[in-house]
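Me: I've got a structure open and a few things to ask about it. Can we go through them one by one?

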Amino acid sequence: MAKTIVSFGVIGCGLMGKEFASAAARWCHLTGVDFEPRIVAVCDANPAATQWFEENVPSVERAYTDYKELLADPAVEAIYCAVPHNLHERIYIDIIQAGKHLLGEKPFGIDLEANEAIMAAIRENPQVVVRSSSEFPFFPGAQQIVQWVNEGKFGRIIEVEAGFWHSSDLDPTKPINWKRRIATNGEYGCMGDLGLHVLHLPLRFGWKPASVRALLSKIVEERPDGKGGMAPCETWDNAILACDVKTAGQQFPMVLSTKRIAPGHANTWFIRIQGTEMSAEFTTKNPKQVASLPYTPGGQQAWHVVDAPYKSAYGTITGGIFEFGFSDSILQMWAAFCDEIVHGKDGMQQSFTCALPEEAADSHRLFTAALESDKTGGTAVVDWGNGA
Ligand SMILES: NC(=O)c1ccc[n+]([C@@H]2O[C@H](COP(=O)([O-])OP(=O)(O)OC[C@H]3O[C@@H](n4cnc5c(N)ncnc54)[C@H](O)[C@@H]3O)[C@@H](O)[C@H]2O)c1
């Protein structure tokens, strides 16, 4: 099948920049797609980071230390940008104004003000496709839950719980990095870092919290600074957000949690929905399994746990009996972004898009209210502007 090549530049060649390179290198994994990304240029302020690309990604023709030089490169049509949160506002706006499509990393700005500036640039450049990274909803088990919600299978929603939990920060000897500093990660702390992952599906389903009561914790107060001393950890380690969701037809509680210190959990993303006609759960802790409990009045309440087949949004060469993993979800997310660039939102080969900038903006409104709730110790009303 002839493929339309989308020429990419990568800004920020750290942990996530390399994941994209790996997904692009594995494109033959996908079947039936008529588009393909090609990373032609890379940029990182630290030349050692771009060196890995030059050594491992044969399509890379140019490496820059100044992202403005990459933006001036006419061969680059689209950008993946994965830099610390304090740089999102300036760099994302420059990318959008340069007319390049952007898959940016969350949280899309270090705070609400930065996010609003990015959103204004998006409104001024509607020809550019801008999406946020959020890969977990592409797990087959999560896609199954999306399908059930879209089919209205749950009946009246009783309660929703969703979260994203890590635990490596339980180790107090882990050195400090930019994610523990307000100047680089933002006042949201773990919410800015992990929160859009948790909110992507609830917001896609239209479940916007009217109010939030936030419980934010700082657990490890200082860490080795890498120079023989200790440095203060300024950001929130864990956040529990008790939300009151009001939709046109329903009102229900939704508990969202983002935790850097959840003992025993490494990259555990989950969603649990309880409803009067069905309940269901998916967690990346058991990535093969989807649990569901269909219910009819007076009937038995029995959980059904199935090994979800490898049935992804985009077809792959992998047999249905095999397991799906993190790097597969990244590949699927990239397919959705390239599909949208090449075919437009209405012409995509499947309908589930990457997280929208509007969803990222909504996450900022919730996190801003959560900070207020934590400060006052009370419930904060979420200001949805004119959006909801
Ligand atoms: N989607 C996910 O699962 C996921 C996971 C981790 C991080 N992230 C997000 O990805 C982004 C980056 O996080 P990371 O973990 O890859 O960080 P990282 O520290 O591993 O990489 C960031 C890179 O940006 C580079 N950089 C800094 N300033 C720069 C500049 N002015 N120009 C160009 N490059 C610059 C750094 O040198 C570094 O190589 C953040 O927004 C983070 O929230 C997403």
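Me: Which elements do the buried residues of H6 pack against?
Reply: This is a predicted model, so keep that in mind throughout. Helix H6 covers residues 140-150, and its buried residues are Pro140, Gly141, Ala142, Gln143, Ile145 and Val149. The buried residues of H6 pack against helix H8 (190-204), strand S13 (268-275), strand S14 (278-283) and strand S15 (289-294).

Me: Which residue in S3 stands opposite alanine 41?
Reply: Strand S2 (residues 35-43) runs parallel to S3, and three bridges join them. Opposite alanine 41 you'll find arginine 62.

Me: What is the bridge partner of isoleucine 79 in S5?
Reply: Strand S4 (residues 78-81) pairs with S5 in the parallel sense, over four bridges. To get from S4 to S5 the chain goes through helix H4 (residues 88-97), and this β-α-β crossover is right-handed. Within S5, the partner of isoleucine 79 is leucine 102.

Me: Which residues of S5 point the other way from His101 and Leu103?
Reply: Side chains in a regular strand alternate between the two faces of the sheet. Strand S5 takes in residues 101-104, and His101 and Leu103 point one way from it. All of these residues are buried, and the ones pointing the other way are Leu102 and Gly104.

Me: Moving on to S6, what is the bridge partner of glycine 104 there?
Reply: S5 and strand S6 (residues 130-132) pair in the parallel sense over three bridges. Together with helix H5 (residues 112-124), S5 and S6 make a right-handed β-α-β unit. In S6, glycine 104 has as its partner serine 132.

Me: Where is the cis peptide bond, and what is its omega?
Reply: Look at proline 107, in the loop between S5 and H5. The cis bond joins lysine 106 and proline 107, with omega at about 5 degrees.

Me: Is phenylalanine 108 buried or exposed?
Reply: Phenylalanine 108 is also placed in the loop between S5 and H5. Its phi is near 65 degrees, a positive value in a residue other than glycine. The cut-off for burial is 20 or more other C-beta atoms within 10 Å. Phenylalanine 108 has 29 C-beta neighbours inside 10 Å, so it counts as buried.

Me: How about asparagine 267: how exposed is it?
Reply: Asparagine 267 lies in the loop between strand S12 (251-259) and S13. Its phi is near 65 degrees, again a positive value in a residue other than glycine. Buried takes 20 or more other C-beta atoms within 10 Å, and exposed takes 12 or fewer. Asparagine 267 has 15, so the call is partly exposed.

Terms used
Residues are numbered from 1 along each chain as its sequence is written. This is a predicted model: local features need pLDDT of at least 70, side-chain atom pairs count only at pLDDT 80 or more; totals for chains, interfaces and linings use all residues. Helices (H or I, at least four residues) and strands (E, at least two) are DSSP runs, numbered from the N terminus. Two strands pair if DSSP finds at least two bridges between them. A crossover is right-handed if, with the strands pointing away from the viewer, the path from the first strand over the helix to the second runs clockwise. Two residues are in contact if their C-beta atoms, placed from the backbone, lie within 7 Å.
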